[in-house]
Amino acid sequence: MNWTPADPMVSLKDVHKSFGELKVLNGVSLDVMKGDVICIIGPSGSGKSTLIRCVNALNDIQKGSILVEGQEVNDPNLDKLELRKKVGMVFQQYNLFPHKTALQNVMMAPVRVLKQDKAKAEETARALIRKVRLEGKENAYPGELSGGQQQRVAIARSLAMQPDVILFDEVTAALDPETVGEVLQTIKDLAEDGMTCILVTHEMAFAREVADHIYFTDRGVIVEHGPPETFFKNAQDPRTKEFLSQIL
Ligand code: ADP
Ligand code: MG
């Protein structure tokens, strides 16, 4: 329990997860160090979303271990709220509150959950809106923003909780193609600032450029992994090769 920043920030060991009879994760192990950006890629239904949902205890597991900063996520005594303060998550569906402005959406959790002073939360929220390059849109309602802009508000909302690691689950998959780039740029900015990121993505060019490490999953196992240079050039497993040939 004496976790230090030199230890993995997130560590999965032999994680098994089933939904009833359906085995979805069949012994997944991976480590994420502070400041790392890792990308998880793989066919639809291979367990990518399930895998990252386990990290912030949105899914429980049947076997194995998941440590976040040295704390076992599956400990029944773990305070899930405390865990989710450390582990932010951004989804494909950004789910902003439609009757709140961008600024209010970003401020809400710090005020309600972290009990931050409103003026301080607003100052932080304004800075985060600038950070995701939406200055001037503070008072816009979600319906007045493009999908990419809304997703950037969702990223700012996640950052407002000051997480140590953020999980991104195909956050550009539902966007119009012309707004994908601006969201990827926002994530790239975060990565360059040293934010620890675990991303599920189909954006291979982005993964190649930004990831420190790529994991390819198929049917609940990590088939192959490596730094992007070697992963994309020297994929060995036929399943990886087939996937890459379809997507690249
Ligand atoms: P991916 O994100 O790689 O597309 P998922 O992790 O969403 O894959 O899903 C993996 C498998 O688990 C799929 O067969 C899916 O139908 C199943 N699954 C996911 N969530 C649930 C759930 N809550 N209940 C039952 N089955 C689920
Ligand atoms: Mg998924």
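Buried here means 20 or more other C-beta atoms within 10 Å of the residue's own; exposed means 12 or fewer, partly exposed is in between, and the C-beta atoms are placed from the backbone. Helices (H or I, at least four residues) and strands (E, at least two) are DSSP runs, numbered from the N terminus.

Before you click further, know that this is a predicted model, in which local features need pLDDT of at least 70 and side-chain atom pairs count only at pLDDT 80 or more, while totals for chains, interfaces and linings use all residues. Residues are numbered from 1 along each chain as its sequence is written, and chains are lettered from A and ligands numbered from 1 in the order in which they are written.

**Stop 1: around H3**

Next, pick proline 110, which is found in helix H3 (residues 102–112). Why does proline 110 count as buried? Because it has 22 C-beta neighbours inside 10 Å. Leaving out residues up to four places away in sequence, proline 110 touches Gln116, Ala121, Thr124, Ala160 and Met161. A contact of this kind means C-beta atoms, placed from the backbone, within 7 Å of each other. For a sense of scale, draw a distance from proline 110 to tyrosine 215: their C-alpha atoms are separated by 33 Å, with the two residues 105 apart along the chain.

**Stop 2: two loops with positive phi**

Go to lysine 115, in the loop between H3 and H4. Its phi is near 55°, a positive value in a residue other than glycine. Is lysine 115 buried or exposed? Lysine 115 counts as exposed, because it has 8 C-beta neighbours inside 10 Å.

Then jump to glutamine 162, in the loop between H5 and strand E7 (165–169). Here phi is near 50°, again a positive value in a residue other than glycine. Glutamine 162 has 12 other C-beta atoms within 10 Å, so it is exposed.

**Stop 3: the open sheet**

Colour the strands next. Four of them form an open sheet in the order E2-E1-E4-E5, with antiparallel pairing. The edge strands are E2 and strand E5 (71–72), each pairing on one side only. Two strands count as paired if DSSP finds at least two bridges between them.

Walk across from E2. E1 and E2 form a hairpin with two residues between them, and glycine 20 in the turn has a positive phi of about 60°.

On to the next pair: E1 and E4 are antiparallel too, over five bridges. Leucine 12 stands opposite isoleucine 66 in E4. Finally, two bridges join strand E4 (residues 63–68) to E5, also antiparallel. Which residue in E5 is the bridge partner of leucine 67? Select glutamate 72.

**Stop 4: ligand 1**

Select ligand 1 and show its surroundings: Phe19, Leu22, Val24, Gly42, Ser44, Gly45, Ser46, Gly47, Lys48, Ser49 and Thr50. A residue belongs here if its C-beta atom, placed from the backbone, lies within 6 Å of the ligand. Strand E2 (22–32) and helix H1 (48–55) each supply at least two residues of this shell, and H1 gives the largest share, three residues. By type, the shell has three nonpolar, seven polar and one charged. (Ala, Val, Leu, Ile, Met, Phe, Trp, Tyr, Cys and Pro count as nonpolar, Asp, Glu, Lys and Arg as charged, and the others, Gly among them, as polar.)

**Stop 5: the core**

The largest nonpolar core has 69 residues, and those with the most contacts inside it are Val55, Val106 and Ile198. Such a core is a set of buried Ala, Val, Leu, Ile, Met, Phe, Trp, Tyr and Cys residues joined through C-beta atoms within 7 Å. Click isoleucine 198: apart from neighbours within four places in sequence, it is in contact with Val10, Val32, Ile38, Ile52, Val55, Val165 and Leu167.

**Last stop: zoom out**

Show the whole chain, with its nine helices and ten strands. Buried residues make up 40% of its 248 residues. The C-alpha atoms fill a box of roughly 50 × 45 × 35 Å along the principal axes.

Technical notes
Two residues are in contact if their C-beta atoms, placed from the backbone, lie within 7 Å.
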